[in-house]
Amino acid sequence: MSPEIILNKEEIDEVITEVANKLNNFYKDSDRIPVLIGVLKGALPFMMDLIKKLTFDLEMDFIQVTSYSGTSSTGVIHLKKDITTNIKDRDVIIVEDIVDTGLTLNYLKQYIQLNYSPRDIKICCFVDKKPLRKVQLEPDIVGVTMTQAKFLVGYGFDYNEIGRNIDYVFVPTKKQLEEWDRKLKNN
């Protein structure tokens, strides 16, 4: 059985272009320089491709949190790396690969607001997986909205850190997951 392809390379590029156009339109006449904060590790491919299509001045930083184990969220969020840029009274765009339960982004938005007092926080995500939402949180800019709760791998999405480097998004088969588990046990 082959994996179900959700987005191929061309479709990913189209989504990124649409997201970039929305951001470019929003900031085209702004005299402010927003700070894009990428959520490591998953958002890295999306953010790197996105910034190449942005036409406004920007700064970048990264934050890292964990909440996943295997194919599901644990619901427990751990901050592993904090930002280093001064964002007080700045426009911030949190760039995330996926919003599913919303717990991580809800935590990040509150954490950044309470600790750094930015002027504005927007959330930009590659995929919004609505069926798994546990908190009231709506991203400001969404690339793709999914209406089914499928587990995704590729283009930043991972299974226990495996698969982020694959240049398309797919639903892994049970056989693929078993093979990855076997390889992980050998490490």
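1. Asp91 has a relative accessible area of 5% in this predicted model. That value is under 20%, so Asp91 is classed as buried.

2. Which residue does Asp91 pair with? The partner is Arg119: their side chains form a salt bridge, with an N to O distance of 2.6 Å. Asp91 belongs to strand β5 (residues 91–99), while Arg119 sits in the loop between α3 (103–116) and β6 (120–129).

3. A second pair to look at is Arg133 and Asp128, which form a salt bridge with their closest N and O atoms 2.5 Å apart. Are these two residues buried or exposed? Both Arg133 and Asp128 are buried. Apart from such pairs, there is also a network: Lys41, Asp158, Glu161 and Arg164 are joined into one by salt bridges that share partners.

4. Asp49 and Lys52 give another case, their side chains meeting in a salt bridge at 3.7 Å, N to O. Lys52 has 65% relative accessibility, and because this is over 50% it counts as exposed.

5. How many salt bridges does the model hold in total? The count comes to 17. The pairs described above are among them, including Asp91 with Arg119, Arg133 with Asp128, and Asp49 with Lys52.

Key
Residues are numbered from 1 along each chain as its sequence is written. This is a predicted model: local features need pLDDT of at least 70, side-chain atom pairs count only at pLDDT 80 or more; totals for chains, interfaces and linings use all residues. Side-chain values use heavy atoms; hydrogens and water are left out. A salt bridge is a side-chain nitrogen of Lys or Arg within 4 Å of a carboxyl oxygen of Asp or Glu. Buried means under 20% relative accessible area, exposed over 50%, partly exposed in between (1.4 Å probe, protein chains only). Helices (H or I, at least four residues) and strands (E, at least two) are DSSP runs, numbered from the N terminus.
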